[in-house]
Amino acid sequence: MHEKSATLLIKAPRAAVWEALTSPPIIERYFFGTVLKTDWRVASPMLFSGTYQGRTYEDHGTVLTFAPPTSLSYSYWSSFSETEDRPDTRLIVGYFLEDDGESTHLTVTTSNCATEEQAQHSVETWQVVLNGLKALLETTPQPPA
C-alpha cells in the first residue's frame, strides 16, 4: 500500500486550525462545499456529501482517532472511486498539528492507497484543500491564543 503527505504552515493558532478541521460549517467553506456529519467519537460514522463538478456524492468514513488539538484520523471511501466500500480498502486520512511560533504546521497523510497514482492524486487534492483552509484562516481575524 502507498502513502503520501501534504504539509502547510498556516499563520493561525493551533486552536483555530483545529476548529476549522473539525467544525462542519467551517469545513463546508473550504472543502469543496462538503457537508460533514459526525460526532467525532472514535468508531463513529462519518458522512461527507455534496455536489462536485456537477456530480452529487455521498462518501463514508469512520473516526479512528481523535486527540484534540493535535491529531485525528479516519477511514474514508469516496463514491467517485467507483469501487466497493469495504473497510479493508478505505483510505486512512490523518491530520497532525504542531505549533510553530504564532503559526501552525499542518500535515495531512493519506495511507492505504492501492497505487502510487492514487496516493499522488490524493496529495494533490489535499494541497488544494489545504490552500483553501490557509486562505480562509489567514484572512479571517483570529482571537488571541
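Predicted model: local features only at pLDDT ≥ 70, side-chain atom pairs only at ≥ 80, totals over all residues.
Figure 1. The volume of the largest cavity is about 70 Å³. Its lining is formed by Leu21, Ile27, Tyr30, Phe31, Thr34, Leu36, Trp40, Phe48, Tyr74 and Tyr95. Sorted by class, this lining comprises nine nonpolar residues and one polar residue, with no charged residues.

Figure 2. The lining of the largest pocket contains 15 nonpolar, 11 polar and three charged residues.

**Figure 3. Secondary-structure elements around the largest pocket.** At least two residues of the lining of the largest pocket come from each of the strands β3 (45-52), β4 (55-67), β5 (71-77), β6 (91-100) and β7 (103-113), and likewise from the helix α3 (116-139). The greatest contribution is that of α3, which provides six residues of this lining.

**Figure 4. The cis peptide bond between Pro68 and Pro69.** The peptide bond that joins Pro68 and Pro69 is cis, with omega at about -10 degrees. Pro69 belongs to the loop between β4 and β5. Both of these strands, β4 (55-67) and β5 (71-77), also supply residues to the lining of the largest pocket.

**Figure 5. Gln53, a residue with positive phi in a loop.** Gln53 is a residue other than glycine, yet its phi is positive, near 50 degrees. Gln53 is located in the loop between β3 and β4. The relative accessibility of Gln53 is 71%, and exposed residues are those over 50%; Gln53 is therefore classed as exposed.

**Figure 6. Asn112, a residue with positive phi in a strand.** A positive phi, near 65 degrees, is found for Asn112, which is likewise not a glycine. Asn112 is situated in strand β7.

Figure 7. The protein contains three helices and seven strands. Followed along the sequence, these elements are arranged in the pattern β-α-α-β-β-β-β-β-β-α. Among contacts between residues at least 6 apart in sequence, 50% join residues at least 24 apart.

**Figure 8. Overall dimensions and surface of the protein.** The C-alpha trace spans about 45 × 30 × 30 Å along its principal axes. The radius of gyration is 15 Å, which agrees with the value near 15 Å that a compact globule of 145 residues would have. Of the 145 residues, 40% count as buried. The accessible surface of the protein is about 7900 Å², and 55% of this surface belongs to carbon and sulfur atoms.

Note on methods. Residues numbered from 1 in each chain as written. Heavy atoms only, no water. Helix = DSSP H or I, 4+ residues; strand = E, 2+ residues; numbered from the N terminus. Nonpolar A, V, L, I, M, F, W, Y, C, P; charged D, E, K, R; others polar. Rg over C-alpha atoms; globule rule 2.2 N^0.38 Å. Buried < 20%, exposed > 50% of the residue type's maximum accessible area, 1.4 Å probe, protein only. Contact = heavy atoms within 4.5 Å. Areas by Shrake-Rupley, 256 points an atom, 1.4 Å probe, with all protein chains shown as cover. 1 Å grid on protein atoms, 1.4 Å probe; cavity = no way out; pocket = protein on both sides within 12 Å on 5 of 7 lines; lining within 4 Å. Points joined across faces, edges and corners; volume = space filled by probe spheres on them.
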